[in-house]
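Me: I'd like to learn how to read packing, pairing and contacts in a model. Could you walk me through one?

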Amino acid sequence: MWTRWLALALVAVAWVHAEQCKPHKRPVCGSNSKTYLNHCELHRDACLTGSKIQVDYDGHCKEKKSVSPSASPVVCYQSNRDELRRRIIQWLEAEIIPDGWFSKGSNYSEILDKYFKNFDNGDSRLDSSEFLKFVEQNETAINITTYADQGNNKLLRGLCIDALIELSDENADWKLSFQEFLKCLNPAFNPPEKKCALEDETYADGAETEVDCNRCVCACGNWVCTAMTCDGKNQKGAQTPTEEEMTRYVEELQKHQETAEKTKRVSTKEI
């Protein structure tokens with residue numbers, strides 16, 4: 001009997017809550033991220049659903065930006081660079097034709113010279129776009145599919161071409177002479193393992209560091225960072241860095257890297 005009266009009482013309470021709210025507009029945002037017409041509607045919903053809902057702030061709920069500290073920039077790791085280089089060399093070696101009884105074949109250097117002249121725009125240097133056009137002649141070599149998104153894979157290929165150019169670009173003009181091109185793709189050449197520098201420390205390829213919601217990754221000796229706009233609530237009390245501050249931080253990372261590279265070159269020359 002008491003159980004029945006209690007059930008009727010609860011229904012009555014719910015009905016009272018449903019009938020009490022007036023249709024005046026004073027929107028509030030609930031702790032469940034839902035916008036209500038007024039305070040009464042919020043409490044009415046809490047009563048009817050049996051949920052604990054509080055007023056977060058006055059006004060409509062603001063759309064929360066999905067900021068994920070785990071998001072990483074698209075980068076070409078040394079393993080990606082070396083895999084692309086291995087495929088290119090394998091393709092070129094397959095084109096070697098040995099000398100015959102009555103015909104002259106073609107050696108590795110001559111094959112490279114042929115491709116260099118075909119894709120050079122006349123300045124006797126191959127830039128990244130020309131190098132990429134050369135590599136695109138072989139679909140197997142260029143088919144690096146590290147990412148699910150094809151756009152990211154295309155970006156990855158471009159980054160790995162830059163990483164290959166950096167291997168033998170002795171005057172740092174981001175273009176390769178034929179001799180630099182030959183060195184880059186010389187099967188006997190063993191690319192050195194490059195590390196990133198930060199605050200007197202060195203980090204191996206693939207190492208990561210975070211700046212608020214942005215992640216920086218060490219790839220082929222360079223720090224590469226995302227450029228996301230951070231939500232203040234996800235920064236654990238830190239202020240949102242401006243675009244200028246973020247650029248300055250990345251420049252600082254690269255400055256550390258350049259200093260480390262110069263020191264390494266001086267040490268190598270002394271040896």
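Reply: Gladly; we will go through helices, sheets, an aromatic pair, a loop residue and an annotation.
This is a predicted model, in which local features need pLDDT of at least 70 and side-chain atom pairs count only at pLDDT 80 or more, while totals for chains, interfaces and linings use all residues. Residues are numbered from 1 along each chain as its sequence is written, and side-chain values use heavy atoms, with hydrogens and water left out.

Me: At what angle do α3 and α4 pack?
Reply: First the terms: helices (H or I, at least four residues) and strands (E, at least two) are DSSP runs, numbered from the N terminus. Axes are lines fitted to C-alpha atoms, for helices over the stretch in contact, and angles run from 0 to 180 degrees between N-to-C directions. Under 35 degrees counts as roughly parallel, over 145 as roughly antiparallel, 65 to 115 as roughly perpendicular and the rest as oblique. Here α3 (residues 78-93) and α4 (residues 108-119) pack at about 110 degrees, with axes 10 Å apart, and are therefore roughly perpendicular to each other.

Me: Which residues of α3 and α4 meet?
Reply: Contact means heavy atoms within 4.5 Å. From α3 come Ile89, Trp91, Leu92 and Glu93, and from α4 come Tyr108, Ile111, Leu112 and Tyr115. By class, this contact of α3 with α4 has seven nonpolar, no polar and one charged residues. For the classes, Ala, Val, Leu, Ile, Met, Phe, Trp, Tyr, Cys and Pro count as nonpolar, Asp, Glu, Lys and Arg as charged, and the others, Gly among them, as polar.

Me: How do the axes of α3 and α5 cross?
Reply: They come within 12 Å and cross at roughly 55 degrees; α3 and α5 are therefore oblique to each other. Leu84, Ile88, Trp91 and Leu92 of α3 touch Phe131, Phe134 and Val135 of α5. By class, that contact of α3 with α5 has seven nonpolar, no polar and no charged residues.

Me: What kind of aromatic pair do Phe131 and Phe134 form?
Reply: Rings of Phe, Tyr and Trp (its six-membered ring) pair if their centres lie within 6.5 Å; planes under 30 degrees apart count as stacked, over 60 as edge-to-face and the rest as tilted. A search of the whole structure finds 10 aromatic pairs. For Phe131 and Phe134, the ring centres are 5.8 Å apart and the planes are at 70 degrees, so the pair is edge-to-face. Both residues lie in α5 (residues 128-135), three residues apart, about one turn of the helix.

Me: What is the strand order in the open sheet that contains β1?
Reply: Two strands pair if DSSP finds at least two bridges between them. The order is β2-β1-β3, with antiparallel pairing. The edges are β2 (35-36) and β3 (55-58), each with a single partner strand, so one side of each is left without a neighbour in the sheet. Strand β1 (residues 28-30) pairs with β3 over three bridges, and Val28 has Asp58 as its bridge partner in β3.

Me: Where is Asp127, and what is in contact with Asp127?
Reply: Asp127 is in the loop between α4 and α5. Leaving aside neighbours within four places in sequence, Asp127 is in contact with Ile165, Trp174 and Lys175.
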